[in-house]
Structures are given as C-alpha cells and as structure tokens.
Amino acid sequence: MSSTMLELLWPSLLETAIMTVAAGSVSLALGLPIGLLLVATDRGGIWERVLLNRLVGAVVNAGRSIPFIILLVAVIPLTRLIVGTSIGVAAAIVPLSIAAIPYYARIAELSFREVDPGLIEAARAMGGNRWTIVSEVLVPEALPGLAAGFTVTLVTLIGASAMAGAVGSGGLGDLAIRYGYQRFETDVMIVVVVVLIALVCALQWVGDKTAMRLDKSGRFRAER
Amino acid sequence: MNALTGLLGALTAEPTDEAGRPPVVRLAKVSKRFGATTALDDVSLSIQRGEVLGLIGRSGAGKSTLIRCLNGLERPDGGEVEVDGRSIVGLGERELQPLRRRIGMIFQHFNLLSAKTVADNIALPLKIEGQGRAARRGRVAELLDLIGLADKANAYPAQLSGGQKQRVGIARALAARPALLLSDEATSALDPETTDSILALLKDINRALGLTILLITHEMGVVRAIADRVAVLDEGRIVEQGPVWRVFATPRAATTRSLLRAFQPTLPEALAARLAPGRGARSVVKVVVVGEQAREPLLAELALTIGARASLLHGGVDEVQGRAVGALFLELDGRNETSFAAAVDFLRQRVSEVETLGHVVDDA
C-alpha cells in the first residue's frame, strides 16, 4: 500500500469512526429510553399510557420509514441550525443520529419485551415500584440483548455514514465515491471496501463478546 | 348424624385463633371476572396465624387469581380482602408497595433474576426496603445458611438445579421477614424427590418461624405433605374446606373426590363392574375409618355383637396429619333386611362413614 493511499485512508477511517461513535452514542442515549417508554406505556405495561404509546410508536415508525438518503437532505436546515454548516463530519452526525434513534429504539424495545413477565411480577410482589422494575429487572435482564442490538446499530451506522459521503460528509464512503467512483481509481475503492469489511467484522466480534460476557442466563451462549 | 360427624362439623366451621388475634388473611365474598369468565365467585376464606392452608383446584379454577388478590397484583371486583388486619381493597399501587413487602411469594418457575447472583437475588427485597449494603449482607448470609446454599452465594441462577433455584426463591421470599408466604404451584415444575425436599423446607420454616403459608397447588400430595387445612376451589367457588385429615377421610364435594381419587382405595374394577343397586347375597358396604377407629377389631366385633359375618374385599389405611385415615370395602349377606340393617347400624356407630354401594351380581 502506497503512503499516499495511507494518507488518504487514515483521516477517512477516523472520520467514519467519529461519525459512527457520535451518532451511536446519541442513539443509545435517546433510543434506549424511547424503547423503554414503548414497552412501559403499552397495554399491560408498567406505566400503561396507550395513547402516548401509539403516538411515540407512530413517530418512531415515521423515522424508520424515511429512506436515509432523503432524510440526509431533508434535515439540512436543522443541521445548519445545530452545527452551523451542512457539510462535513459534524454535519453528518445530525442525520445519522436522527436515523439511528428510532432504529435503536425498536431494537431496545424488542430486548425489553424479551424479559420474562414473571420477573416483573416477582419484583411487584416484593413491593418494588416502577423504578425498581426498570433498574433491577428490565435493564439488567435485557442488557445482553441491548448490547447485541447496539452492535447491529453501529454496523448499520457505518453503512449509513458511507452514504452520507454522497453529500460530502467525509469518511470512508466519501473517499470511495470521490476516488473510486468519480476518478475511476478502482484500487482505492477496493481498499476502502476491504477496510470497511474488516471494521465491521472487528466491531461484530467485540459486540458478540460483550453480549456473551453480559449474559448470565446462558441464553446467548446456547444460541451460538 | 352421630356424635363424631357433629364434631367434624364443628371443626370445619370458621376457625378462631386461641389468642383471639385476627386471622392473617380474611377474604369475604370476593369476586373477580375477566370479561365473560368468572375467576372468583363469592369466595370467603380465613387463614390463621401460623397455619399452612392448601388451596387446591384444577387449572383454571381461579387459584392464581385468588392468591394475587392477597398482595394486590389482582384487584377483586367485589368483596373484602384483609391482610394482617388491614383492608387492601381500593388501595393504590403506592400504598400497596409497603404492604407487599410483608408478604413473600414463591413461584412455579422460580422467577429469579438471571442477571443477578444468588446473593443479590436474595438481597433484592431488602434493597427495595431501603436497607444498606452491610445489613443486607448479614441477612443474606443467614438465609443462605437456612436454605443450605452458602457455597452458591456468587453463582448465577442458570448454574443451579431446579430445586436449588426454588430454595433461592424461598430465601428471597423470606428476606424481608414476611407475615405471610404465598406459594404459587412452587413444586409443580420439580421432580418428586425435589418436591419432597422443598415441601420439607417449607414445613420446617412454618414450624421454626411460625410463618403463615398459603400454598396453591393442583396436587393433593402437596396438601397432604404440609397443609393443616385445605380449601378446594372449583370454577371460582370454594366447594369444600376443612382440616386435611377430615377432607381426606370424608370428602364431600365431587371435585374433592375426584382430586383425591389417587389417594383413596377404590373398589377393584372387576367387582365394580358387577355391582348392581340394592341388597343381595353379596352386598358391598364401604366404611371410612379415622384415627382410633382404624385400630378397633371391627369385623370381629360385628360378628360377635350382631352375628354378621363380613369379609374384607379391599381397602387401606393411610396416615394423614398423624391420623389414620382409611376406607374399607366389606361384603355382607344382605338377603335378610333386618339383620343387614342391624349390621349397617352397628358400623355407623363405630366408624365415620358408612355407604351401601349395592351388591355383586355373580356371573351367570
């Protein structure tokens, strides 16, 4: 690999990492509570608010259904408001986060739903309140699933950040488009794709290990 | 009705605590419906301090609903529920929470938190109560000793056997020193040997701590092993209740009889098939003996006093709550009405229950 290739690749890899980690963190911070809210407010949930549940559900669905490439352009005014510009790494984090929040919210919701209702009943029978149920039952019991789901979200974000390259976000996707596609430098494109594959594989490996380590029920181990 | 049945009647009436304290649980005319189905229908029931009450019924009889009315996990549509002298009907979730801490509960599928160690599972009720880490640690160590799992403090539930999991469940239920323990089919997922050890543990706890226990089950064997009294629930109604030995000896409701079938001697099929109503040369009489009655030389006395020669067709005497409880099937010559009636009268004075089943028709 030539030194020019490395010079191109390294900053791009860093940009991709920043976008993925930043948008991932936002999705974790906001998507997880939304997922919890979706489970808690549902019929028979620990904080039954059916109307609110439908409303939040509809917003999440809307967020999930907009194609990312359209979202990317549609939120430009908002991006300008928050970041001050619509181009570059910081600007790409806004649409990436907006896409990742409902995505992770649904994944988190699924993980929370997998928690045995008998455990919630046991906590209630012990005299626990809602906070007890969330902090002692729902979150710890769903943790392996939440971790596995977060890995899926990060991998999806790596793919989406490449798409954000189309609007000049920087990152590996941007590099592949500018050099590989627009300048017909196929070798750059191949190297970028290989780096992306390696990145995703490494991330998935770490994610699997983490989920397995968090899982004390033997469920994750058994499935693999 | 003879003197003994009168006594039995008195025993099955509403029991009162010798010290005059209120019952730990009192249900009065409790009803609960789920849509079109009636889960509980006019249920009245009391549990005295230190008592083990077995609540038995088939699945869908309303047992789970009833037990959940006691800690407010279900709200009855009507009636009164008192726990520890306090009415809990109409209380909000926030008011119920401190009350629930006084009621331990164990479950069929244990319901242990898989992400917490054995010690942390047992400590959870104490954490909910707001106890500090040091206080929790001491209590947890005590409980681990009680259930004999001190070496498993840092294990996760997935590493335990079913019986060990239920022991942890019991320790967790006892952690906050409850006034009442609810057991929801706690041994139904366990094998017979483990069931026996769990029931023995519960009985020990009942004796040692004087803890009141309500256990719901569909197995009469469980009731027989540890309960003092039994209540039979069928389609949301209590169809029978009384001391376990009494119900085992003379079950009255059809549901009770069918639940007890495996525990009671029945007429051998070959004979039952040839049984016809009325008297005959081979009349069959079923007698139920309880306690001392089982020791008396019944057949010899029958022959000496009445001159009736009875032969024993089938039967068995078992021990329930330390009392002999048995059923014997006798064959008597029933051709002479007067002497047969005299024999039956004699039996009635000596045993708890006499039932003329009919007579055996010989194969012609």
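Guide: A crossing counts as left-handed if the near helix is turned anticlockwise from the far one by less than a right angle, and as right-handed if clockwise. The model discussed here is predicted.

Visitor: In which hand does helix 5 of chain B pass helix 6 of chain B?

Guide: Helix 5 covers residues 133–147 of chain B and helix 6 covers residues 162–174, and their axes lie 10 Å apart. The crossing of helix 5 over helix 6 in chain B is right-handed.

Visitor: Is helix 5 of chain B parallel, perpendicular or oblique to helix 6 of chain B?

Guide: The two helices of chain B pack at an angle of about 140°. Angles over 145 degrees count as roughly antiparallel and those from 65 to 115 as roughly perpendicular. Helix 5 of chain B is therefore, relative to helix 6 of chain B, oblique.

Visitor: How many nonpolar residues does the contact of helix 5 with helix 6 of chain B have?

Guide: Helix 5 brings B:L143, B:L144, B:L146 and B:I147, which meet B:R167, B:V168, B:I170, B:A171 and B:L174 of helix 6. By class, this contact has one charged residue, no polar residues and, as nonpolar residues, eight.

Visitor: How many nonpolar residues are on the side of chain B that touches chain A?

Guide: In the contact between the chains, 19 residues of chain B face 19 residues of chain A. Helix 3 (93–100), strand 6 (103–107) and helix 4 (118–129) of chain B each supply at least two residues of that side. Its residues comprise three charged, five polar and, as nonpolar, 11.

Terms used. Residues are numbered from 1 along each chain as its sequence is written. Chains are lettered from A and ligands numbered from 1 in the order in which they are written. This is a predicted model: local features need pLDDT of at least 70, side-chain atom pairs count only at pLDDT 80 or more; totals for chains, interfaces and linings use all residues. Two residues are in contact if their C-beta atoms, placed from the backbone, lie within 7 Å. Helices (H or I, at least four residues) and strands (E, at least two) are DSSP runs, numbered from the N terminus. Ala, Val, Leu, Ile, Met, Phe, Trp, Tyr, Cys and Pro count as nonpolar, Asp, Glu, Lys and Arg as charged, and the others, Gly among them, as polar. Axes are lines fitted to C-alpha atoms, for helices over the stretch in contact, and angles run from 0 to 180 degrees between N-to-C directions. Angles under 35 degrees count as roughly parallel, over 145 as roughly antiparallel, 65 to 115 as roughly perpendicular and the rest as oblique.
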